[in-house]
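Please open the model in your viewer and keep the selection panel at hand. The stops below follow one another through the chain.

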Amino acid sequence: MITLASVIDQFQDDFLSEYQNRLRPNQISALHAIKRCRTQMSPVMQVNCADCDYQTFVPHSCGHRNCPHCQHHDCQQWIERQVQRQVPADYFMNTFTLPAQLRPLAKQNPRLVYSMMFDCAWATLQSFSKNDKQLRGDPGAITVLHTH
Ligand SMILES: [Zn+2]
């Protein structure tokens, strides 16, 4: 099985030689954490069988918020919570993209800029729902921020 850690291990040097100057510290941190996650490079914990004397050492997860191994369970739980919250209505996916000209500002003030972007997106959805004769309803929304 190919793991993300093995892909990073194989291509990290080429990737960093090409893009290191453009990566933010948190992106480099994520890369290193995911590469080490549940490998021999990570710290280990001792686990014991409750029914016999068997013991073994298991590598730790990295716990990084961008690690697909570590976040898979939380992601599935989030999806299940969203499904349970659904109401009997039509659902549409709308994508709002931050204009490229505002991205440097978002890097400096992410909380403010993304909050304003969500406010604008919500106002747009409400306006369209109110003014479109086919929609005619009160919108609801589940919003997700994708930053990369
Ligand atoms: Zn991890």
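**Around the metal and beyond**

Select Cys67 to begin: leaving aside its neighbours within four places in sequence, Cys67 is in contact (heavy atoms within 4.5 Å) with Ile34, Cys37 and Cys62. This is a predicted model, in which local features need pLDDT of at least 70 and side-chain atom pairs count only at pLDDT 80 or more, while totals for chains, interfaces and linings use all residues. Residues are numbered from 1 along each chain as its sequence is written, and side-chain values use heavy atoms, with hydrogens and water left out.

Next, show the zinc ion, which is coordinated at 2.3 Å by the SG atoms of Cys37, Cys62, Cys67 and Cys70; donors are N, O and S atoms within 2.8 Å of the metal (3.2 Å for Na, K and Ca), and since water is not among the atoms, sites may look incomplete. The 4 donor atoms subtend angles of 105 to 115° around the zinc ion, so the arrangement is tetrahedral (four donors with all angles between 85 and 135 degrees). Cys70 counts as buried at 14% relative accessibility, whereas Cys62, at 27%, is partly exposed; buried means under 20% relative accessible area, exposed over 50%, and partly exposed in between (1.4 Å probe, protein chains only).

Now select Ile8, Leu16, Leu31, Ile34, Cys37, Cys67 and Cys70, the 7 residues of the largest nonpolar core, a core being a set of buried Ala, Val, Leu, Ile, Met, Phe, Trp, Tyr and Cys residues joined through side-chain atoms within 4.5 Å. Apart from this core lies another, of 5 residues, including Leu98, Ala106, Tyr114 and Met117.

Notes:
Four donors count as tetrahedral if all angles lie between 85 and 135 degrees; four count as square planar and six as octahedral if opposite donors are over 155 degrees apart and all others between 65 and 115; anything else is irregular.
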